[in-house]
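Work through the exercises below with the sequence and the model open. Each task is followed by its solution in steps.

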Amino acid sequence: MMRRNKETKIVIFGSYNSGKTTTLDNLCEKKTKVEYNGTTIALDYGNTVIKGEKVHVFGSPGQERFKFMREILSEDLDGAIVVIDNSKGLSTTDNKIIRNLKDNSIPYVIFANKQDLKPCDYELNSMFDVPIIPTVAKQGEGIQQGLEKLLHLVKRRGVNNFPKN
Ligand SMILES: Nc1nc2c(ncn2[C@@H]2O[C@H](COP(=O)(O)OP(=O)(O)OP(=O)(O)O)[C@@H](O)[C@H]2O)c(=O)[nH]1
Ligand SMILES: [Mg+2]
């Protein structure tokens, strides 16, 4: 994907039905979705502007069989959001996604979604050294702040990668 200098690419990962598309809906005013009966089968795409900078947001399909699609979407990403269904807890897919992000040193945050069904689980909080943001994607709760937190991590990484001297 061709991007201008300051533009950022974020990908939303997570298990099937965790709320990835709903999260993207809340972040982006304009978007495109490729779905079949409400299930993402290829990707979601939208963009938004935060503090004057354009952020491209891709939503990945959660079903296991779309692994190839997640790999395509992962190309050249700057940061990731892992949306987990907090009422179900971490799935094996979530664990694989997180491992992958860690192995590739990609900045990421976890959205512990569906807080309306089951509020945050503190055990989960202590398992990771990344921000866990409680969200209710359906109501847009926590979503914007979560993205801003991620963008902060992305920026910080950029600074670390290119020291001034
Ligand atoms: N109760 C509750 N339901 C939610 C929330 N966020 C999403 N949902 C519901 O969860 C279902 C799945 O949401 P999607 O956003 O389509 O999930 P997804 O992760 O994109 O699903 P796939 O792309 O098929 O993997 C829908 O019925 C949503 O309305 C939430 O915060 N609370
Ligand atoms: Mg989806």
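Two strands pair if DSSP finds at least two bridges between them. Helices (H or I, at least four residues) and strands (E, at least two) are DSSP runs, numbered from the N terminus. This is a predicted model, in which local features need pLDDT of at least 70 and side-chain atom pairs count only at pLDDT 80 or more, while totals for chains, interfaces and linings use all residues. Residues are numbered from 1 along each chain as its sequence is written, and ligands are numbered from 1 in the order in which they are written.

**Exercise 1.** Give the strand order of the open sheet and say which strands stand at the edges.

Step 1. The seven strands of the open sheet follow the order β2-β3-β4-β1-β5-β6-β7, and their pairing is mixed.
Step 2. β2 (30–36) and β7 (132–134) each have a single partner strand, so one side of each lacks a neighbour in the sheet.
Step 3. On average, neighbouring strands are turned by 20° against each other, direction ignored. Axes here are lines fitted to C-alpha atoms, for helices over the stretch in contact, and angles run from 0 to 180 degrees between N-to-C directions.

**Exercise 2.** Trace the pairing of β5 and its link to β6.

Step 1. β1 (residues 8–13) pairs with β5 in the parallel sense over four bridges; I12 has I81 of β5 as its bridge partner.
Step 2. β5 and β6 (residues 108–113) run parallel, joined by six bridges, and F111 in β6 is the bridge partner of V83.
Step 3. From β5 the chain passes through helix α3 (residues 92–103) to β6 in a right-handed β-α-β crossover: with the strands pointing away from the viewer, the path from the first strand over the helix to the second runs clockwise.

**Exercise 3.** Are the residues of β5 buried or exposed?

Step 1. A residue is buried if 20 or more other C-beta atoms, placed from the backbone, lie within 10 Å of its own, exposed if 12 or fewer, and partly exposed in between.
Step 2. In β5 (residues 79–85), seven of seven residues are buried.
Step 3. G79, I81, V83 and D85 lie on one side, A80, V82 and I84 on the other, and both faces are covered.

**Exercise 4.** Describe the shell around ligand 1.

Step 1. Ligand 1 is surrounded by 20 residues (C-beta atom, placed from the backbone, within 6 Å), the closest being G19, T21, T22, T40 and G62.
Step 2. α1 (20–27) and β3 (39–50) each supply at least two of the shell residues; the largest share, three residues, comes from α1.
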